[in-house]
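Subject: Structure handover

Hello,

Here is the structure for you to look through. My notes follow below it.

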Amino acid sequence: MHKDLEKYKDKLPLKLLQDIEEQVPGSKVKKVAEKVYEEYLASRVDPGEAVGLIGAESIGEPGTQMTLNTFHYAGVAEMNVTVGLPRIIEILDGRKSISTPKMEIFLKSPYNKGKNIRELAMQIKETKLKEIATEYGMNIVDMRVDVKLDSDKLDELELTPQQVAKAVDKALGLDAGAKIDGNTLVIKLKEKAEAKGLNALYRAKEKCKGAYVKGVKGISQVLPVKRGDEYIIITAGSNLKKVFEFDFVDSNRTTTNDIHEVREVLGIEAARQAIIDEVFQVIETQGLNVDIRHIMLVADTMTAGGEVKGITRYGVVSGKASVLARASFETPIKHLINASLRGEVDRLTSVVENVMLNQIIPVGTGLPQLVSKLEK
Amino acid sequence: MTEVYLNGKYVGDVDSPLEFVERVKQDRRAGSLAGEVNVHYDKVLDEVHVESARGRCRRPLVVVKDGMPLLTERHIKQLERGEISWSDLVAQGVIEYLDAAEEENALVALSDKEITPEHTHLEVSAISMLGVMTGLIPYGDFIQSARLIIGSKGIKQAVGLYASNYPLRMDMDVSLLHYPQSPLVKTAIYDVSRYAEHPVGQNIVVAIMSYKGYNMEDAVIINKGSIQRGFGRSTYFRPATAMELRYSGGLMDNIGLPDKDVKGYKSEQDYRLLEDDGIVYPEAKVAEGDVIIGKTSPPRFLSNMEEYSLASNIRRESSVALRHGEEGIVDFVAITENEEGNKLVQVRLRDLRIPEIGDKFVSRHGQKGVVGLLVPEADMPFSESGIVPDLIFSPHGIPSRMTISHILELLGGKTAALSGREIDATTFSGEPEAALREELCNLGFDERGVETMYNGVTGEVYQAKIYVGNMYYLRLKHMVANKIHSRARGPIQLLTRQPTEGRAKEGGLRLGEMEKDTLVAHGASMVLKERFDSDKTVVPVCEGCGTIAIQDSLKDKRYCPICGENVEISDIEMSYAFKLILDEFKSLGLYPKLKLRSKY
């Protein structure tokens, strides 16, 4: 490290130090570092600033202007993405299952040039039996269902009828089995299920329609799109782990909008960044302007515990130290009774409880306190 | 085979539904079927529905046959001469009523010019697409549809002659306009609805200009002289009611002058207006706190033995008095009985309401505004011919709202006033703007409706020519006198010791959760504490067990209900709401213990 930078080692963030080192010629480091430090101190938040509340106001106020519209992709039926306020709520609540999971799959070179992009996309798309079937025939006499397969589609997906039969057989489980007969899939009830009669057969017929045949589970739609000078694949449905297994997928850049999946596959830091990106993107597309640091604070709060917690009574709020603060946010009686069972003590160290008691809140001018040494 | 349903119930099938429907219609027009019957063929469901039940919304249309309306010139002449009436036309099958379902099968032409052989009906008039209220708006075809709705809402809220038997009525919260007029610029609906029998507005001279910034943001300037001459003057009526209720045990209320030893007796001053029967005399001037109807009620709880022994004298005062901020003159006193035969006394108060700053006015185009300033007549702008406007309306209210009809009415009103005739401004068929301009020109005025005007204060001529003319303006029932409210200190709620809510209870204006957040965001701790100390209390707290101790002022002792007397007790300042929530915790079976620690 440059000698003039040494004294700022613990005073400036690592990233800033690195930037100065890399971008400033050695003779000017001292002056630049001085100025950077000055600027850094000036842009820090003052002690006692109510950052959380200001963040809440800063996200909440523009939230009132957001629309409830969903965004539709041109050309694809039923592929839309939740945006606007519902999406923000969804992210901040830390929902486990989101309303419109979506991935943006980037491809490695040379796959991203657009050649055979449709075939690559079809490999990812989850194919169910109903998509390759043309006809279902119920044969009551033999207690079986004949499913006619579309051979054109099979060719397109590079599937053999045998593969289909195997996949459907697996999906049907214990009650029924599937065999192939030419281009017809024959579904027959197994002996112990046969006794249940027509109902069981009908159920098997309905069940086989949704049988997984090929592709990545959960990816219901694929859409190749040109982004810049490369092609990417946008999907409805998300399955990060399985998609990463394809060797043509660029796992460094591929993203999903499912925060929980990001945490499971890539870890908590990635989840934090995903929250920031997703929220910021929504706010940006709505034409609003919110400082990213407010969102970063929210993301930090949600991920601080190593897992993604929503801003709900089960998530972040349940971790509050103050009984009164928890009770003032939804289901008060439950919180109070549990607190009293545990004999909890409220030390009145935060804002809400002090407002309730009409005491000075430990924020802003209420924070500093006088400490003096008394003469003996 | 098409299924036929009569009032939703299956009755049979027909082979050719269209023929069947046509036959029903023919029979109805010929009179062999009741006129109330409507028939509808649903192509999608392939069902015929015949409806004859009540409760369907139906509207009249002229029947069209082979591209020709059945209503002819002959009919119209006969109507004009009074030889036939509307019901004759209906009976002849010239006009028929369709319900919503049958309308689905009809093709209705808006005017006779656009009739083609496909058309089945003709609109009686183009304005039938509008309701009665909306039809009252002049030049409704020159205004944004949303504004048209706002306009008709405005008319509904206007004060006027709401009922001709108003002196006999005991309506709650009504106003009566003193000098109502019929508008100069009318629509056909005014005659049809006999509007002149219950008018709600007045024709005044309006200038569209700004005036010293006092008509910013939709405010209007009103000429004080016009008000003194009676513009917008109205009377506000509000009845007060008292009833002699019967209680169990043969006890009952008594309307009359309360005795001095009655529980809750007010001062003698408050009862001064009551006559021997305990009711105010008519034309008495009453103000806040004055009793209008004297009444006493039996004691609330009879179980108490003490009260039995003193039975006669412990009646409760329950008079009807004027609430905070109310005043008026007793207009009418009615003594009668209610359905149960109990004595019922109603006293109607009257209050003269002269327009003041803050009262609301509206034109018929949804251009509402509040009075921003009353200007002495001498200071009002005047025209060359000496015309002084009664009201000054801001030009900024026009472009974004696109109420062209407002401007047209002004032009029409001016023409009407100058020519001495009423202008027809019916939507879709009103007198065209060009005709008004021409007439105005012939009357010797600028055809654009503008005039040179002079500053009333300085006498200087205004650079711009001012658009002035006559308009029909309405006074809305929203008056500041009923809304003005302020509080510095006042009543508090019993339970929380926080200020009461609402104007009627002289309440405070709540500084709510989000308003609190702004103080927190500024870090203004002390301001926040001070702002929320309306229910501040000091309570003694036992240092031993942490519960709230008891202060016995009589014995000048303080003790803890748990630890007894020999324990340290400290005074703690907190919000009463917190003391209350501690009590609520106790009622939940929780033990909230306060741990005390010196802050410094």
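Pro110(A) sits in a loop of chain A, between strand 3 (102-106) and helix 5 (117-124). Helices (H or I, at least four residues) and strands (E, at least two) are DSSP runs, numbered from the N terminus. The peptide bond from Ser109(A) to Pro110(A) is cis, with omega near 5°.

Some ground rules. This is a predicted model, in which local features need pLDDT of at least 70 and side-chain atom pairs count only at pLDDT 80 or more, while totals for chains, interfaces and linings use all residues. Residues are numbered from 1 along each chain as its sequence is written, chains are lettered from A and ligands numbered from 1 in the order in which they are written, and side-chain values use heavy atoms, with hydrogens and water left out.

Chain A
Chain A has 17 helices and 12 strands. Its radius of gyration is 29 Å, well over the 21 Å that the globule rule gives for 376 residues, so chain A is more spread out than a compact globule. That radius is taken over C-alpha atoms, and the rule is 2.2 Å times the number of residues to the power 0.38. Along its principal axes, the C-alpha trace of chain A spans about 105 × 65 × 40 Å.

Chain B
Chain B has 14 helices and 34 strands. The C-alpha trace of chain B spans about 105 × 85 × 60 Å along its principal axes. One backbone detail: Asp66(B) has a positive phi of about 50° although it is not a glycine. Asp66(B) lies in the loop between strand 5 (58-65) and strand 6 (68-69) of chain B.

Where chain A meets chain B
The contact (heavy atoms within 4.5 Å) takes 23 residues from chain A and 24 residues from chain B. The two chains bury about 2,100 Å² between them, 67% of it on carbon and sulfur atoms. Buried area is the accessible area (1.4 Å probe) that two parts lose on being put together, summed over both. On the chain A side, helix 16 gives the largest share, four residues.

Domains of chain B
Chain B divides into domain 1 (2-129), domain 2 (140-233 + 357-475) and domain 3 (235-353). These bounds come from an automatic or database domain assignment. The C-alpha centres of domain 2 and domain 3 of chain B lie 45 Å apart. Their contact takes 15 residues from domain 2 and 11 residues from domain 3. The area buried between these two domains is about 1,200 Å², with 54% from carbon and sulfur atoms. Met170(B), Met172(B) and Asp173(B) supply 42% of what domain 2 buries there, more than any other three residues. Between domain 2 and domain 3 of chain B there are zero salt bridges by the rule, and nine residue pairs in polar contact (both at pLDDT 80 or more).

Best wishes

Technical notes
Salt bridge = Lys/Arg side-chain N within 4 Å of Asp/Glu carboxyl O. Polar contact = N/O pair within 3.5 Å; in protein donor to acceptor, adjacent residues only side chain to side chain.
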